[in-house]
Amino acid sequence: MTGTGRPEFVIYPQTNCASSHLSLAFMQPPTFDAIRGHETMYQYMPVPLENPSDFLRTLEMFRRDKTAVMFAVIDTTRPDAKHPDWEGSLAGIFGLLQTDKTNLVTEIGPAIVLPAFQRTHVASHAVGLLLKYVLDIAPSGLGFRKVKWVASPSNLPSNKLAQRMGFKLDGLIRWAFVMPRVEGYQKDGKEARRGDAGDGLLGRDSNELTVCWDDWEQGGRSLWEQAFARVA
């Protein structure tokens, strides 16, 4: 699958982000609809994704942000007869956020894997591809110095995935987000004091985990190689 119309990202990808079983393609509006319908997956995310209109609005916001880039995650081991041009099945959405080319740091997010592709190679391959792309020296990568992963402490699968891929916990950021109110759905969070400016909205702490260039060079790349050996 190939994207058309490159987003105005601060740094354009220079390499093909693909493994033998997965590829990352620029997320385009025509693929937004294909990933909807999994509303209960988003309780930890500090943006509204549950309702169709919110989902489309949020992804379009990400797509237009010059410090972010969204990728459609394509599992190339599973053909999709309805979308042969994708060269596989849409398995989720991954991206890079808050990319700072001055300080050479970016954050992997969002990290969404559809239920049918969870507990397979998809998540580890997607994370591995982005780590390699960001941390490898040019021309195979951007040569950045740090990649962040931010997750709710309650989201155990997200934290475990990051640690399995070599991320180290730098610390807990308390009250990192105000969680949006989404009609008909409950976001995961904690109550704040009555009467504050958040108007009763829940708050969320965040674990901040990182892989830095020296982690990558001193064993991180071998974790990536192990992850890529997983094909099921």
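Begin by selecting L24, F94, I108, V127, L131, W149 and F167, which have the most contacts inside the largest nonpolar core, a set of 40 residues. A nonpolar core here means buried Ala, Val, Leu, Ile, Met, Phe, Trp, Tyr and Cys residues joined through side-chain atoms within 4.5 Å, where buried means under 20% relative accessible area, exposed over 50% and partly exposed in between, with a 1.4 Å probe and protein chains only. The largest share of this core, 10 residues, is supplied by helix α2, residues 122-135; helices (H or I, at least four residues) and strands (E, at least two) are DSSP runs numbered from the N terminus.

This is a predicted model, in which local features need pLDDT of at least 70 and side-chain atom pairs count only at pLDDT 80 or more, while totals for chains, interfaces and linings use all residues. Residues are numbered from 1 along each chain as its sequence is written, and side-chain values use heavy atoms, with hydrogens and water left out.

Now select F167, which touches, among others, I108, V127, L131 and W149, not counting residues up to four places away in sequence; contact means heavy atoms within 4.5 Å. A second, separate core has 17 residues, including M45, F55, A72 and L97.

Next, colour the strands: seven of them form an open sheet of mixed pairing, in the order β1-β2-β3-β4-β5-β7-β6, and two strands pair if DSSP finds at least two bridges between them. Because β1 (22-26) and β6 (168-178) stand at the edges with a single partner strand each, one side of each is left without a neighbour in the sheet. Inside the sheet, select β4 (residues 105-113) and β5 (residues 146-151), which pair in the parallel sense over three bridges; E107 has K148 of β5 as its bridge partner.

The axes of α2 and α4 (residues 213-228) come within 10 Å and cross at roughly 145°, where axes are lines fitted to C-alpha atoms, for helices over the stretch in contact, and angles run from 0 to 180 degrees between N-to-C directions.

Finish at G171 in strand β6, which is partly exposed, with a relative accessible area of 23%. Leaving aside neighbours within four places in sequence, G171 is in contact with S206, N207 and E208.
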